[in-house]
Amino acid sequence: QVQLVESGGGLVQAGGSLRLSCAASGRSRYAMAWFRQPPGLEREFVADINAGGGLTRHADSVKGRFTISRDNAKNTVYLQMNSLKPEDTAVYYCAAKAYYSIQYSYDYWGQGTQVTVSS
């Protein structure tokens, strides 16, 4: 069982930056991801990273602006968000799974952290 706790959300003006953190319990290393759910819309993929940290993927909508990374010594995954836009407003969720392959779904989810970008 893995527990995930997100932090770092908040209110920021368009063009600003935020860094989200996701602290994971336990000793096992998992592939990790960030998803988001904008108001009234379905949850969508933002970025993911493999257990070792050497492989990452980012959604086209955030490429060049957001960067996922991890510090395995701290069991923490980060999402650096730059050049934020109002359309980035959403609840951001951290997720974990045993294998990085897209064939596997995410088994563990955090409670979410709100990010609001004002115009």
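Here are our questions and answers on this chain.

Modeller: A word on the ground rules: this is a predicted model, where local features need pLDDT of at least 70, side-chain atom pairs count only at pLDDT 80 or more, and totals for chains, interfaces and linings use all residues. Residues are numbered from 1 along each chain as its sequence is written, and side-chain values use heavy atoms, with hydrogens and water left out.

Colleague: Which helices and strands does the chain have, and how are they defined?
Modeller: The chain has zero helices and 11 strands. Both are DSSP runs numbered from the N terminus: helices are H or I with at least four residues, and strands are E with at least two. Along the sequence the pattern reads β-β-β-β-β-β-β-β-β-β-β.

Colleague: What makes strand 1 and strand 3 a pair?
Modeller: Two strands pair if DSSP finds at least two bridges between them. Strand 1 (residues 4-7) and strand 3 (residues 18-24) have four bridges, in the antiparallel sense, so they meet that rule.

Colleague: Why is the contact between C22 and C94 called a disulfide?
Modeller: A disulfide is a covalent bond between the sulfur atoms of two cysteines. The cut-off used here is a pair of cysteine sulfur atoms within 2.5 Å. The sulfur atoms of C22 and C94 are 2.0 Å apart, so the pair qualifies. By this rule the count comes to one disulfide. C22 sits in strand 3 and C94 in strand 9 (residues 90-97), so this pair links distant parts of the chain, 72 residues apart.

Colleague: Why is that disulfide called left-handed?
Modeller: The torsion about the S-S bond of C22 and C94 is about -80°, so it is left-handed.

Colleague: How do you know that D88 is buried or exposed?
Modeller: Buried means under 20% relative accessible area, exposed over 50%, and partly exposed in between (1.4 Å probe, protein chains only). D88 has 0% relative accessibility, so D88 counts as buried. R65, at 11%, is buried too, whereas D60, at 65%, counts as exposed. C22 and C94 are both buried, and R36 is buried as well. Of the 119 residues of the chain, 45% count as buried.

Colleague: What makes R36 and D88 a salt bridge?
Modeller: The rule asks for a side-chain nitrogen of Lys or Arg within 4 Å of a carboxyl oxygen of Asp or Glu. For R36 and D88, the closest N and O atoms are 2.9 Å apart, so the pair passes. R36 lies in strand 4 (residues 31-37) and D88 in the loop between strand 8 and strand 9, so the pair ties together parts that are 52 residues apart in sequence.

Colleague: Which other salt bridges can you show me?
Modeller: The structure holds five. Among them, K63 pairs with D60 at 3.2 Å, and D88 pairs with R65 at 2.7 Å. R65 lies in the loop between strand 6 (56-58) and strand 7 (66-71), 23 residues from D88. Salt bridges that share partners join R36, E44, R65 and D88 into one network.
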